[in-house]
Amino acid sequence: MMVLRSMLYVPGNSMRMITKTASLPADAIILDLEDAVPLLDKGTARIMVRDSIKAIKLGGFHVFVRVNALTTDLTAEDLKTVVVKGLDGIMLAKTEAKAAVAELESLIGQAERAAGLEPGSLVIIPLIESAKGIINTYEIASASERVVAVAFGAGDYYRDLGRSVSSLSTEEYELLYARSHLANAGRAAGVQAIDTPFLGLLTDREAFIRQTRLALQLGFKGKQVIHPAQINFANETFSPAQGEVDYACRLVEAFAEARDKGLGAISFEGKMIDYMSYQQASDLVHFAGIITEKEAKRQAVPSTSLFQFFTPST
Ligand code: COA
Ligand code: MG
């Protein structure tokens with residue numbers, strides 16, 4: 001399972017921000033070729049993104065590129081350029097139906113072959129950001145084995161409803177249906193749900209915190225973020241608390257012992273536990289293990305050396 005607690009967008013035309021990623025604790029970097037990049041910059045951004053992927057990968061991130069929607073005629077060229085060793089997956093902007101995933105999959109397949117990568121190695125995260133996309137989330141999420149998560153894009157979604165983002169309430173009640181639907185559909189399809197980037201003021205820390213916690217409560221496994229200051233809180237929120245992990249470890253041990261004696265349900269620390277509790281607890285221990293390993297690995301990589309290649313010598 002990919003740990004995607006924080007997925008940081010980095011504009012593909014900003015070498016300054018691309019270089020900055022080396023020192024950031026995000027789980028995933030999304031190099032953006034879509035709306036953060038003006039049309040005239042798309043070509044340059046593709047090259048910059050392609051040339052940065054290897055260095056970013058060395059930092060221990062999951063590396064994604066957000067490509068332009070299939071309706072734009074830019075997608076094939078995006079993929080041809082950026083599918084290189086080190087890339088983990090593609091995020092597809094404005095995904096509305098399962099046919100889009102099939103079309104993307106075929107383009108990715110061609111790009112993988114051209115780049116000499118193992119077929120099927122890249123994963124897909126459809127970005128759902130329209131009313132139609134929300135309705136079709138389950139079929140989109142189930143459209144391919146490559147889909148590991150579905151992500152919500154609230155800005156375009158709200159515009160699609162005919163509303164301006166500036167009119168959104170700070171509680172974001174207006175997004176509740178779409179978020180709940182997406183989290184539920186993702187779960188039904190067996191993939192992770194990743195919440196929208198926060199749309200309020202970058203300085204409104206309180207609202208960001210509230211929205212991130214709400215996403216956790218709704219069943220999301222991570223959040224897209226747009227600024228370094230949002231990463232740590234997303235990581236913390238979507239990590240199991242130490243108390244939960246300790247409890248799960250004890251439960252797993254107790255249940256395994258009981259199972260060896262042929263028991264199915266036992267009393268543990270005052271509560272009845274059964275196979276389902278055991279399964280959930282071992283998933284949690286496994287997930288916590290991945291996080292610990294990941295954080296240890298990141299500390300072992302000297303982040304300053306990653307981008308020497310790009311740093312001007314003067
Ligand atoms: N990725 C990497 N580094 C980032 C970053 C990002 N998304 N956002 C900011 N930084 C860096 C800045 O470069 C700066 O570092 P530096 O001074 O060493 O260069 C530092 O973090 C502090 O940034 P700050 O001055 O607070 O913000 P800013 O004005 O430079 O940038 C935004 C603000 C919103 C323009 C910027 O965060 C951004 O472009 N975010 C991503 C937008 C995006 O991709 N949108 C599409 C998806 S919704
Ligand atoms: Mg969008």
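These legends go with a set of close-up views of a predicted model.

**View 1. The barrel.** Here we have eight strands closing into a barrel, taken in the order β1-β2-β3-β4-β5-β6-β7-β8, with parallel pairing. From one strand to the next, the twist averages 25°. As a bit of background, the strands of a sheet pair through backbone hydrogen bonds, and they can do that either parallel or antiparallel.

**View 2. β3 next to β4.** This close-up picks out strand β3 (residues 62-67) and strand β4 (residues 89-92), which run parallel and are joined by four bridges. Look for V65, which stands opposite I90 in β4. Further along, V67 has L92 of β4 as its bridge partner. To get from β3 to β4, the chain goes through helix α3 (residues 75-82), and this β-α-β crossover is right-handed.

**View 3. β4 next to β5.** On to the pairing of β4 with β5: these two run parallel and are held by four bridges. I90 turns up again here, with I124 as its bridge partner in β5. Helix α4 (residues 98-115) sits between the two strands in the chain, and β4, α4 and β5 make a right-handed β-α-β unit. Which way do the β4 side chains G89, I90, M91 and L92 point? G89 and M91 go one way, I90 and L92 go the other, and all are buried.

**View 4. Helix α8 across four strands.** Helix α8 (residues 176-189) lies across β5 (123-128), β6 (149-152), β7 (192-195) and β8 (222-225). Relative to β6, helix α8 runs at about 175°.

View 5. The model has seven aromatic pairs by the rule used here. A pair of aromatic rings is described by the distance of the centres and the angle of the planes. For F208 and F233, the ring centres are 6.2 Å apart and the planes are at 65°; that angle is over the 60 degrees needed for edge-to-face, so the pair gets that label. F208 and F233 are both buried. Ring pairs also bring in F198, giving a cluster of F198, F208 and F233.

**View 6. Two tyrosines on one helix.** Finally, Y275 and Y278 both sit in helix α12 (residues 275-300), three residues apart, or about one turn of the helix. Why is this ring pair called tilted? The centres of Y275 and Y278 are 5.7 Å apart and the planes are at 45°, which falls between the 30 and 60 degree limits, so tilted it is. How do the two compare in burial, buried or partly exposed? Y275 counts as partly exposed because its relative accessibility is 44%, whereas Y278, at 13%, counts as buried.

Notes. Residues numbered from 1 in each chain as written. Chains lettered and ligands numbered in written order. Predicted model: local features only at pLDDT ≥ 70, side-chain atom pairs only at ≥ 80, totals over all residues. Heavy atoms only, no water. Pairing = 2+ DSSP bridges. Axes fitted to C-alpha atoms, helices over the stretch in contact; angles between N-to-C directions. Contact = heavy atoms within 4.5 Å. Buried < 20%, exposed > 50% of the residue type's maximum accessible area, 1.4 Å probe, protein only. Right-handed = clockwise from strand over helix to strand, strands pointing away. Phe/Tyr/Trp six-rings, centres within 6.5 Å; stacked < 30°, edge-to-face > 60°.
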